[in-house]
Structure formats: structure tokens, C-alpha cells
Amino acid sequence: MLRRRWRWAVVALGLAVLVSLPALVEALPAADRDVSAGELRERVLASDDVAFSGYAISTGGLTLPVSDALTGVADLLSDQTSLRAWYRGADDWRVDVVTATGETGTHRDATGTWTWDYADQAASRGTLPPLALPTAPDLLPSALGRRLLSEATDDELSRIAPARVAGVDAPGLRYTPADTAASVSAVDVWVDPGTGLPLRVVVRGGDTTTPALDTRFLDLSLATPDASTTDFRPPPGADIRSDQDLTDVDLGRQERADLPATLADLGRRGFDGVPEQIGVYGSGITVLAVSALPGRAAAALRDQLAATPGAVTDDLGVRIAAGPLALMVAGTSTRDGGTGTYLLAGTVTLDALATAARQIQEAAS
Amino acid sequence: MIGVELRKLFRRPRTWITIALLNALPVLVAVLLKVTDLAPRPGEGPAFLSAVLTNGTLYPLAALAIVLPLFLPIAVAVVAGDAVAGEAQGGTLRYLLARPAGRTRLLVAKLVAVIAFVLVTVVIVAAVGYVVGTALFEVQSLGATTGISGTSLTPEQVAGRTLLSIGYITVSMLGVAAFALFFSTLTDSPQLATLGALAVLIGSSLLFTLDAASDIAPYLPTRYWLSFVDFFREPILWRNITRGLGLQAVYVVVLLGAAWANFTTKDVTS
Amino acid sequence: MNGTVIATAGLRKAYGAVRAVDGIDLDVRAGDVYGFLGANGSGKTTTVRMLLGLVLPTSGTVEVLGRPIPKAGREVLPRVGALIEGPAAYPHLSASANLSLMDAAGPGGARRGRRQRIAEVLDQVGLGGVGKRQVRGFSLGMRQRLGLAGALLRRPDLLILDEPTNGLDPQGIHEIRTLLLDLNRTGTTVFLSSHLLAEIEQLATRVGVLDRGRMVLQDDLATLTAPTGATVVRTPDPARAVRELGDRVLSADGERLVVRGSEPAEVNAVLVGAGVPVSGLALDRPTLEDVVLAAAAGSGDRVPVGTTVSGAAA
């Protein structure tokens, strides 16, 4: 009997060690670095020539009510996405979205991108549009961190506790946008102290505890990956297409409108090659995009938004918020005697969205 | 001792009937695909099945992917669940132990025999898959098979990675085998031990699909089963493969330890 | 072979509150045919299993062939042949394949000569003609013989047999009895567990009696059934005989009288001298049954109302 108890104790002990080991390693405190927030941001912005390869996972906590037109974006922001990345330089990298039985790989070269979709057995060539919807490569912590911090000012930055990410003790940086229109309450970035590479980015919106987006490296190697890895040649027998970009979409050119220079205190930014009907306002993490929308498309989207729980409907239009993301269909179709319909989307508050809608209407009439 | 267990296992008609039944499904699928010419869309259905119409040499993998989620683990649970409880039920356990076979030795020999069964089964499924695939479907004679990452794999690469997959799938079954073997030392009824292991299997597969269980997902025995697909990415994605191997090793160590603690101190009254 | 072959001290096995075996001190000596008697459920099988290391004692020690069990099982058990609660075999394999597998499963069964040993032992138990047949088709008696063959395969120094004649017909029983006595003559110690008194009486040189987990009797059969110092007389005229013998008559039962006096000839002379006809004359010996019934309380599977069951799980 004694022997029996003793043997079970050995097994139980072994099990306890095995089960608690990951938690214990996780609980080990990460070492911090003596570096100021501003300095850390400088290092992040300078990190776009740091070669690496790694495996990252991005978890979105947003449920977007749009399904048909924007499924890709909606999936990225609501699901868990596994990413494999090889980065040799700003115009030579590859990011694969890995699923259980397939993958979608984006290969960047000097003149554009190849996107390989295993499920469709299709390769599509994309040029580099000035403005595009977010895609999986944008969710990589390195890319997202650099982008979100690029327009932050020093007084919006503070240091937070370090964390261990992909085995690196990474000092942390918090960016709290100062814009009143901002719907993102904070962006936390943990940075590889040696190279300035952002290792984990957490976007927090409003007062919810679940982050709107949490993306981090699980594995990271700073060795320069092989050129053959990032290179892509369409395999024989594959379907070859060319990417549609946002500017190809028929945005209702008949509904020409002059968008104001500022909306809700956010200044308009210029992009070459972007049609007049699309306006991008704001900076940093507080961004508002406005686009004229054909009347029929607007009506369909308006119905869809109005059916979403929590939608606000008034004479300005229909608007909803999904975490820090806000979406609105505003205005009245010219056919119905209005000044045209618009889609407003961005990381701004619903109030800012309403203000912007009113300002567009005033400018048009 | 191990030789004795292997002889017992492979001289048993039931072993070969199980393997034959296991092969029936992939063969049936192949025939249906050939007759109807309706391959599932890539990314749907079992892994690699979409690709076999144009390349029969991938059928061993598709066959493995077909039996992997259910048929193979059931066969493993039946054989491993029978390991000790079957001897107890048949009365031969008391003679083995009085021989004396040594309880720890017997347990290890049983595990080795189960592993051998899995390996033989997986190899046969792959071999039958190859024969059926190359007989029924086109074979790209000039080589290049398109891998998951859109790169071309030479026939040698395909063969090598298929062998790696066979090894990985064999290891993947060890968790189920260890569960069944542990249960087999708890009860004198092989059916009960098999059912217990199947309950674990089904529970694990169910929890894996549940978002609420995502925190424990990395510890589920079935979590990394499909990672054999990662051998066909370019470069090979080792992360989940190594985790899968490690996880199965942990299950084997813990459950074999529990089986040992129970079996070596248990009164054999069957 | 000298000395003690099986020795247990204070051997006890409890299943929860039930004491299946309750402090047994077995003493089996080299060359014995030891009859281990007990009613169903008296703890015989549990004891046999403890001797073989299958059941682990709650307390007490077991020594077999001078070494502790289960600790030295690997060293000792290859020299022990056993038949435990009925035979068992793999039904889809032949008799000789079964023996071969069992032999290979443990130490002390050399591969060289295995085929030869198997053929011999199958002949010995009378299965020489069916060695290649699947056990599936065997009768109960054939299975019992196969089990015995397994026990004899390594020419053991000690045979531990639990109910070895189960399922055998009278000829079979006689055959096995002869076989066991032959083996014993060549030096094999036999430990025979049975509930059949007659079987033990015919075979055993020493007897141990188990009653509800306790050893109530352990002695040489010769001692147990030694003459009582009385003479049994059979006479067609018991009334006259009683008159002649007076208070020497210890008991009278029909024509059978038990008379004090260990000299039957002297008793005979007295009666014949008095003209009392004598039809039978013998030394009075107790039968094993008398001894066992006197020592043990009753049948183990008889449970009258109001008694608590102890030693039921055997």
C-alpha cells in the first residue's frame, strides 16, 4: 500500500511539474531597460531595415457588421490569424497567413506584391496602391507598431512595464492619443531593445478590458532570411490574376463632392493618385476615411448597419461602433434631392463621426 | 518480451481485419473521386484531397488525412485498450505475470507493440494510397508538385516529406494509445478502456473547435494532429510539429507513469 | 532439495473491511505434496495469488524457494510452475504456439530446445496429437491439460496447482494424479490447492486447512490420520459383543463397534474366545474428512441469516 501511494506521488509530482512549467516560465519577471519613451519610439521608427523571420499571432476582438464587401478585413479584426514572416528589407519580404490545411502568402518585391492563395491555386499580382484596406501583413507587430507610432508625439508617449515576448525581455511603450476625436484609448508596444523591432502591439479601445487587437511574435529570429524564401514565381498550372485595389472600385464618380479640409478637427491628408471622392483625415492612430458612395450601395449598407445592435440612426445617417472602430453611412442620395451619400469609417468616436457628417453636408450644400 | 507482444499482435486475425477496414475508406473515396471527377475545393475536405485529381502521388497523404481524425485513433484505441485488459479478460494476464513477465516490462512491451501497430498501419495506408492514387489518377511525370506555399516540390521532396508525415502521424497517435493503455490497466474490460480513450479523443476534438476553450487548446492531445501538413510548406514550419511531438511525449510520459504506478501496485485478481 | 519451499509469516490480505486471508503461516517442505484444503471462499485462491506475486499482501511475508515474493519474483518464479484458477490461452493460436509464447515471455526458458520441451510436455499431459490445433476448439479438459503443460514446461522445482483436475473425466483425473506422483518422486514439490477432500487424501503427504481466511490445521497427513488407539470391530451380533467387552466399547453403531485397545488381534481373541462372530477387524483411524470437519466451522459459501460475511472475496 505504501509503495502504491509512493508511486502515485511520483506520477502526480511529475504531472504537476510539467503542467506548471509553462506558467512558471511565463511568471518570471522580464528585465527592463533604462530608455526613455521618445528614444524607444525613435528606435522603433528606425527598425524598418532590420531583417528577421518569425511566427506571429494576431487576435482581433472586433466584430464588424459588414460581411460581403469587407470579409477579409472583418476576419482579420475579429479572428485569430497566424502569420509567418520573413523580412529582408522594406521592399523584400514575405508574410504567410497560415491556416490548418492551407495558406495565403504575400511576397513583396521592388515593384509590387505577389499573393499566393493555396485554396484557389491562384497567384495575383498587386501594384502598390497609395491607399488600401488593411491586409494580413499590416498586422505583423513590426509593421503595425512602426505605423501606429510613426505620428505619435513625445507627450503622447509613456513607458510601461516590460514584458517577455518571443523570449525577449522587451521594454514597453504606451501611446495615448491626445485627439479628442480619438476612440483608441491606448496603444501598447513592446520593443526588442537591441534592434527597436516592435514585438507586440496591443490596441485598446474605450473602456473595455479586452483589447481591440493584440498581435505579437511567438518566435523571432534576427538572422537575415534567404532571398529564395521571400522570392515568388507562380507555380505551373496556377491561375494568375491581378489584384483589385481600392481605387478601382466604382465609387460613384457622378456624385462629385468637395470634401472639406478639416473634419471634426482632424486635418485632411494628401495622397497621390487617390480620387477626390476619398478623403483621409487625422494622424497617428486617430484616422477618419470618408468616401462618396453610390446611392444603391449606400442604401444596402445603411440597412445592414441599421440592423446591427447598438446602431444610432438619426437625420445624419446610421452609425455604429465596433470597439474603437466607427462606421457611418451619411447623407441623402442626390436622386432623392440630397447632397450625396458618404461612407465614413475610422478610429474616431461616434460624436466625431456625427460632427464630420454634419460638416460634409454643410460643405456640399 | 517485446518480440512476444509483437508476435501476439500480428498473429491475431483481428489486427489485420482492422488494418483492412482502415484502408477501405480511402480506397472508396478514391474510386468515387475517379468516377465522379468531383474533387473538393482546395482548403475544404481532408487535406490534399483537392490536389489528387491532378497528381496521384499525393494520394498517400490524402488517405492519411482521411483516416487521421477518426478511423486511425479508433483503431489505436481498440488495440491499446485491449493491451492489458484483454489479457486480464482472457485470463492470460495472471499467467504472464506468474511466468514472470515483469509488470513494468509488460507495460513497455505493450506500448512498443501498439507503436509498431500504428507504424505498420500508417505505412500500409500510405502504400495502399500510393498504389490506388497512381493507378486511378494522373501522375505528373515531369515532377513539380505544387506545395502549400506555392513553390514546386520535386518527387524526391514529396517522397521525403511523405515519410516525415508518416513518422509524425505515428507519433501523433501515441497520446491516444497512452490513454487507452492507462485505462487498460484500470479495468478488466477492454471495451471500457477503448471507450474511455475514445471519450478523451472526442472530448479533445470538440474542445478544439470551441473558442471558449482556446486557453487549453495547446494542451489537447489532438491539437497538433493536422500539423503534418506543415511539412509541405516552404520552408517547413517546424513550430507546431515540434510542439506536437513534445505534447505527445508529455502525454506518453505522464500516462505511462500513471499506468505504471497503477499496474505495478495492483492486485491481479482476473 | 532440502528445507522449506514455501514459508509465509502472518500473511494477511484485506479488501477494505473484509479479511480474505487473515494471518497465515504456511510451511511447505521440499518433497512434499502439500494439500491446501478449504471451502469455497475460504481464501485459498487469494493465498495462491500472493504466493505468485499477483496479489500483494496487506501485511506479512512470503518466501518461495527461500527468496522473498514479490521482490525476488524474477529469480524464483521461473522455477515455479503454476495453474491458477483454471487455465487460460490465446484461442486463435495453437497449443504449441501458446506454450512457446508463454515460455518466451519470461526468464529461464531458453529458446534453444524450446520446441523439444514443448513436444515432450504436450506428450506428458496427453496432448501430443493436437499441438498444432487452435485452442479455440479445445474442450474444458483439453484446456486443463494445456494449462498443466504450461506449468510443467520448465521442469519446475515447485508446482503450485489450483484445482488441477477441474473439468477432467475420471480417467483424466487418474492420469494427472499418476503424473503428479511421478513428478513428486523425481523431486518436485507439489502445492495442491483444492476443495476436494478425496483428491487431497489420495495425493497429499502434508495438509493445511483454511477456514474463512485462517489456517486451522497444518500437519502431515500420516499424523492427522494416525491410529487413535482403538480398534474397529464388525460383528453380526453387536449385543453380545458389547456384553463381552463391557466398558471397553467406546461407541456402537449398528454392527460397527469401536473398542479401546490398539491390538486388533487381542480384541479378536477376546471375542472369538467368547464365541462372538467377527466379520471385520481394523485399527481405528480418523478419515481426513473427520479431521477437517472437526477443525473447520462450515461451508464458506453458506451464509445463514444474521451472520456477517468475512473472507467472502477470495
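Me: Among contacts in chain A between residues at least 6 apart in sequence, what share join residues at least 24 apart?
Reply: 61%. Contact means C-beta atoms, placed from the backbone, within 7 Å. This is a predicted model: local features need pLDDT of at least 70, side-chain atom pairs count only at pLDDT 80 or more, and totals for chains, interfaces and linings use all residues. Residues are numbered from 1 along each chain as its sequence is written, and chains are lettered from A and ligands numbered from 1 in the order in which they are written.

Me: How is chain A divided?
Reply: Into domain 1 (28–242) and domain 2 (249–364). The bounds come from an automatic or database domain assignment. Their centres, taken over C-alpha atoms, are 27 Å apart.

Me: Switching to chain C. Which residues of β7 point which way?
Reply: C:V80 and C:A82 point one way, C:G81 and C:L83 the other. All are buried, meaning 20 or more other C-beta atoms within 10 Å of a residue's own, with C-beta atoms placed from the backbone.

Me: In what sense do β7(C) and β8(C) pair?
Reply: Parallel, over four bridges. Pairing needs at least two DSSP bridges between the strands. In β8(C), C:L161 is the bridge partner of C:L83.

Methods
Buried ≥ 20, exposed ≤ 12 C-beta atoms within 10 Å, placed from the backbone. Helix = DSSP H or I, 4+ residues; strand = E, 2+ residues; numbered from the N terminus. Contact = placed C-beta atoms within 7 Å.
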